[in-house]
Amino acid sequence: TAQQGRMLCAPCVWPDLGGPRVLGIMGILTLVLCSCSGQPASPPWDLPAISSWEHQGGLVFIHMESSLYSLPCSPMEMEVADPTYRWAQDRAACKLFSVTKEGHLLFQHFQAGDSGKYSCTISYRKHGVPVSQTFHYSIFGYHVLRGLDTVLLFHSKLCEDGWTKRFLWGLQDKLRQLEIEQHCKLQLTASFCFPSLNNPSDEFIIRVQLEVSLFGPHWDKHCKSQDMETVTDCYRKTVQHNLGQVQLALTRFFKEHKSFHVTGADIPSINFTNEFVGFLKTKQCSGGYGQTKQLQRCLDCCTVCPPGMFSPPKNSQCSPCPVGTYSLTYGVAFCTACKDGMITRVPGASYMTDCVKKERTKQAVSVVHRIPVLLLIILPALLAINFLFISCYWFYQEYQVSSPRASKMTGSTMRMETVTSFFRIPRAGPDAGPASDTSHLDTSTSQGSDEEHTQGALSPAVTSNLATVTDETTPVLTLADRKDTF
């Protein structure tokens, strides 16, 4: 194919020296020196050839229901003596391959499940040394867009499931010959039974829907080339021609087979008479295929869905398998559900081992879902605690005192100053004691006067103190002086 022409050549790999370690180091040094001097790199002695190579063969696209497709083991002509070929496929379970003597892998009536990653190893001997080369291919099925839907209407006297099933079996059996002649496939997709409008009590209408696939056995017998551009153009023309031929063949078939008779034990015969044949040309992908745009030569073609994805019939896109399902092979129309009590962690599972117990997954999902809620709850609390700590620390630094004793003295001094300013003239009386020097006032007097101040009375010591302060600052009039003034 055209893709095969673009496949990579064998990579240049330095051969294994196979000798003593010292000689190996000398060989590498010789390689470096020769490379630096501009001379071609070559070892100073003859060495055996490399034992194996790995090649990436690229992508290969094969149309669904291709009559015969031949894929060579190597994309290049290899002149070797007595080669042996071994083909392998990943994800394949005990599958037999058709391989020619030249090592070509043959696909007959290619199906979606034949897609996958293939590798071919060619083994031979060169100068007495075993040599092997492995080529890897990624094979995808595809098909061009074109289809036909058919609607059939039949009249009948009965509308029972048993009789309708017998009629449909007979209809499909008679259509098999038409499938062979037109190289197509006819699939019954739905059937409905409802009363007739003309005579609802005695007559019923059976509606039958048929899906016509134009890719039946040997549909591409006129397209022999394996060049991608040439063969895709041939496929388009063949499908367009076959579409018209199938439509004419179905119309002619139901003109010739107007009535179908169904017999049974209870009722001798029931007739299903055809009254209408309708066609609808479609451009939709088959089940398990989607428009993935991988095939550059045919962008509107449908490519097979890889494992982990699916595409129902009449759907043009491949979608990941939902959580709880998986798909193992290519071209799956519906994903497989995990066993009871098991679920997949993420969509797009492609292995059965991706299914795990629900409890473990639910716990993980619940924790992940709770993380934002926990952050919303914890973050404001942390901010509030941080703000409170900073505020308390600032308040403590601002109003810190040296000791509780100094705190009490400071409070008493402030209260004494307040009382002094309020009682500027002390009350004269017999209880007033002699004045005393404030420098001899003990702190115990201040401590003991706390309770007396709270009760609104001044102690004698404090009164004497006030009197002394008053005598030193402001002249005080006595009772005798007052009498002299009058």
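Are Trp 219 and Tyr 235 buried or exposed? Trp 219 is buried, and Tyr 235 is buried too. Buried means under 20% relative accessible area, exposed over 50%, and partly exposed in between (1.4 Å probe, protein chains only).

The model is predicted, so local features need pLDDT of at least 70, side-chain atom pairs count only at pLDDT 80 or more, and totals for chains, interfaces and linings use all residues. Residues are numbered from 1 along each chain as its sequence is written, and side-chain values use heavy atoms, with hydrogens and water left out.

A search of the whole structure gave 13 aromatic pairs. Rings of Phe, Tyr and Trp (its six-membered ring) pair if their centres lie within 6.5 Å; planes under 30 degrees apart count as stacked, over 60 as edge-to-face and the rest as tilted. Trp 87 and Tyr 137 form a stacked pair, with 6.1 Å between centres and 25° between planes. Trp 87 belongs to strand β3 (residues 84–89) and Tyr 137 to strand β7 (residues 129–143), so the pair ties together parts 50 residues apart in sequence. Helices (H or I, at least four residues) and strands (E, at least two) are DSSP runs, numbered from the N terminus. Trp 87 counts as buried because its relative accessibility is 9%. Tyr 137 counts as buried at 2%.

Trp 219 and Tyr 235 form a tilted pair, 5.1 Å centre to centre, with 45° between the planes. Trp 219 sits in the loop between β10 (204–213) and α4 (228–256), and Tyr 235 in helix α4, 16 residues apart.

Ring pairs also join Phe 154, Phe 167, Phe 253, Phe 254, Phe 260 and Phe 272 into a cluster.
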